[in-house]
Structures are given as C-alpha cells and as structure tokens.
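Open the model in your viewer and keep the selection panel at hand. The tour goes through a pocket and then some charged pairs.

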Amino acid sequence: MKNFIYMVSLTLFFFGCKQKAETKTVEPELSVAEKIAKAHGYENWKNVAEIQFTFNVDRDSSHFERSWRWNPKTNAVSMTMNNETVSYNRASVDSTSLKADQGFINDKFWLLVPFQLVWDAGTTISDPVKAEAPISKSDMNKITLTYSNDGGYTPGDAYDIYFDTNYLIREWVFRKGNQKDPSMITTFENHQDFKGIKIALEHKKQGENWNLNFTDVKITVE
C-alpha cells in the first residue's frame, strides 16, 4: 500500500510539473526596431518627466542653436532661440506655434531616432541586411526607414540606418523624398547615458567641418 501511494504521488508530481511547463508563457521575439530602441534605453523612457536639450549645428565658423524643454506626458513644449521663447502644446498647434513645432519635430528626431523607430506610424522598416557603412566603411547591419507620402512635415523621406552588433546606431543616410541619391550622410558619435537613455551627442559629415551636436542635455525622471 505504501508503495502504491508513493507511485501515485510521484505520478501527480511529474504531471503537475508537465502542466506548468506546458503553460509557460513564451515572450515574443522583438523586432529589429524594438531591439534598436531597447539598446538605447527605451525601457527607461516611461520614467521621463521632462527632457531639455540644445540643438546645435556648427559649420566652419558659423553656429546655429535652439533650446528645448519638453514634457512628453503632457506634450508641453518650449523653444528658446535668439533670446525669444515660444511655449505651446503639441495637441493644439496653430499658426503661432507651427514654425516652432516644425523645428521641434526635426530636432527631436535627431535626438531620439532610435525611439522614433517604434513611435512613428505610417512608416515601413525593411528587413536588416549586411552592408558597408558609407563613412567608416565598416561592415554593419542596415535597415531602411521610409515614411509614407501622406501627412507629416516631410512626407516620403527615407533613412538608411547602419547599426552595430549591439544595435547601437553608428551612421545613417538621409534620402529626401526616398530619392536614390543621398541628401545627407552623417555619423552617430559620442553616445552618452542620461538616466538610462543613450543619446548620440554628435553627428559629423565626412570631409567637412560640420557637426550637428547636442548640449545641455538633461533628463528629469519621476
């Protein structure tokens, strides 16, 4: 009788283990866009209460800059340029804030393009391929991000994005209106960590004294 009870108990034990194994949840495979976003700290974005940054373009002896303060949860935005400040909410852009919002979309895109890959609707992202990066000539992975021809400030644009084995973006090619020839080619350099979010602070062109860069970056978390 003791042996019978032992065998029944043992059978129930293994049956229970089998049931647990069969009901185990399998995490879905991340897309390439999600892997790139994750590599740049996307899981920490939910904690961001405010982000501040200054967008700069230095070309030879000329300098351009505009500074931003953005609350991503309320979509309140403030732009300061030439000692003038424009404040607005992206939920209600009007003629007085349209130009500022166009600048914000451009500057935010440069700052957070790894996250734009998963944020933006109306886009297509190609399957990754192995390709030679145009500036470094290194072997990297490449995807092409293409925007639809409908909506947005610059419809139809395409970006060939080159990233390394750690899914960090290293270079890109911008093609206006998805034309064949490049409109701009730059690096992604000087990645720095801000509250768990990795941002490339510098973007340079090959053979030119040109540097699109970010300064005064500050992230406030909840």
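Which helices and strands each supply at least two residues of the lining of the largest pocket? Select strand 1 (48–59), strand 2 (62–71), helix 3 (98–119), strand 9 (169–175) and strand 13 (210–221). Helices (H or I, at least four residues) and strands (E, at least two) are DSSP runs, numbered from the N terminus.

Before going further, note that this is a predicted model, in which local features need pLDDT of at least 70 and side-chain atom pairs count only at pLDDT 80 or more, while totals for chains, interfaces and linings use all residues. Residues are numbered from 1 along each chain as its sequence is written, and side-chain values use heavy atoms, with hydrogens and water left out.

**The pocket**

The largest pocket holds about 840 Å³ of space. A pocket here is an open set of points on a 1 Å grid over the protein atoms alone, where a 1.4 Å probe fits, with protein on both sides within 12 Å along at least five of seven lines; lining residues have an atom within 4 Å of a point. Grid points are joined across faces, edges and corners, and the volume is the space filled by probe spheres set on the points.

Next select Ile 105, Asn 106, Phe 109, Thr 154 and Tyr 159, the closest to the pocket centre of the 34 lining residues. Then colour helix 3, which gives the most to this lining, with 10 residues. By class, the lining has 18 nonpolar, 10 polar and 6 charged residues (Ala, Val, Leu, Ile, Met, Phe, Trp, Tyr, Cys and Pro count as nonpolar, Asp, Glu, Lys and Arg as charged, and the others, Gly among them, as polar).

**The salt bridges**

A salt bridge is a side-chain nitrogen of Lys or Arg within 4 Å of a carboxyl oxygen of Asp or Glu. By this rule there are 9 salt bridges.

Select Glu 222 and Lys 73, whose side chains meet at 4.0 Å, N to O. Glu 222 lies in the segment after strand 13 and Lys 73 in the loop between strand 2 and strand 3 (76–81), so the pair ties together parts 149 residues apart in sequence. Glu 222 is exposed at 67% relative accessibility, and Lys 73 is partly exposed at 46% (buried means under 20% relative accessible area, exposed over 50%, partly exposed in between; 1.4 Å probe, protein chains only).

Move to Arg 170 and Asp 164, a salt bridge at 2.9 Å, N to O. Arg 170 is partly exposed at 30%, whereas Asp 164 is buried at 15%. Finally, select Glu 189, Glu 202 and Lys 204, which salt bridges with shared partners join into one network.
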